[in-house]
Amino acid sequence: MKNILVLLVLLIMIRPSKTDLTVTIDNLENDKGVVRILLFNSPDGFPDNDKKAVGSAVVKIQHGRALYQFKDMADGNYAISAFHDENEDGKLNKNLLGVPQEAYGFSNNASGTFGPPSFSSAAFKVDDENDVHVMSLKK
């Protein structure tokens, strides 16, 4: 019985840490539509391959803000891409030249040159001490 108790204590101590990550997207121009969020834990698929994202959310906007909590995240590095889907068609609308017509953004408010930023420039650490991320979208 003593061995089982010791084993249970050891399993609890070595299990991966889990954190609830709260994401806030502020400065939205209006409350129309929704904000679509993708969460990645590697460069593979970042920023727009929803099949390779480890988390996703469609969030209602209230008073120019969207707030979402990803539950039970393993500690590690993550990057977020998001856009304000004003017409709720499920895609980031672009003009004929490919320039986004809806507000979009990335964690760390990272930006790229002639395209999206790299995963590493958008990546941030999630753990017990880093469980909130605030970002803005731009047009």
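In this predicted model, residues 24 or more positions apart make up 70% of the chain's contacts with a separation of 6 or more, a contact being heavy atoms within 4.5 Å. Local features need pLDDT of at least 70 and side-chain atom pairs pLDDT 80 or more, while totals for chains, interfaces and linings use all residues. Residues are numbered from 1 along each chain as its sequence is written, and side-chain values use heavy atoms, with hydrogens and water left out.

The chain holds 2 helices and 8 strands, taken as DSSP runs numbered from the N terminus (helices H or I, at least four residues; strands E, at least two). Read in order, they go α-β-β-β-β-β-β-α-β-β. Of the 139 residues, 37% are buried, with buried meaning under 20% relative accessible area, exposed over 50% and partly exposed in between (1.4 Å probe, protein chains only).

N27, in the loop between β1 (18-26) and β2, has a positive phi near 60° without being a glycine; N27 counts as partly exposed because its relative accessibility is 46%. E88 is not a glycine either, yet its phi is positive at about 50°; this residue sits in the loop between β5 (76-85) and β6 (104-106). A cis peptide bond links F46 to P47, with omega about 10°, and P47 belongs to the loop between β2 (34-40) and β3 (55-60).

As for D131, its place is the loop between β7 (124-126) and β8 (132-136). With a relative accessibility of 30%, D131 counts as partly exposed.
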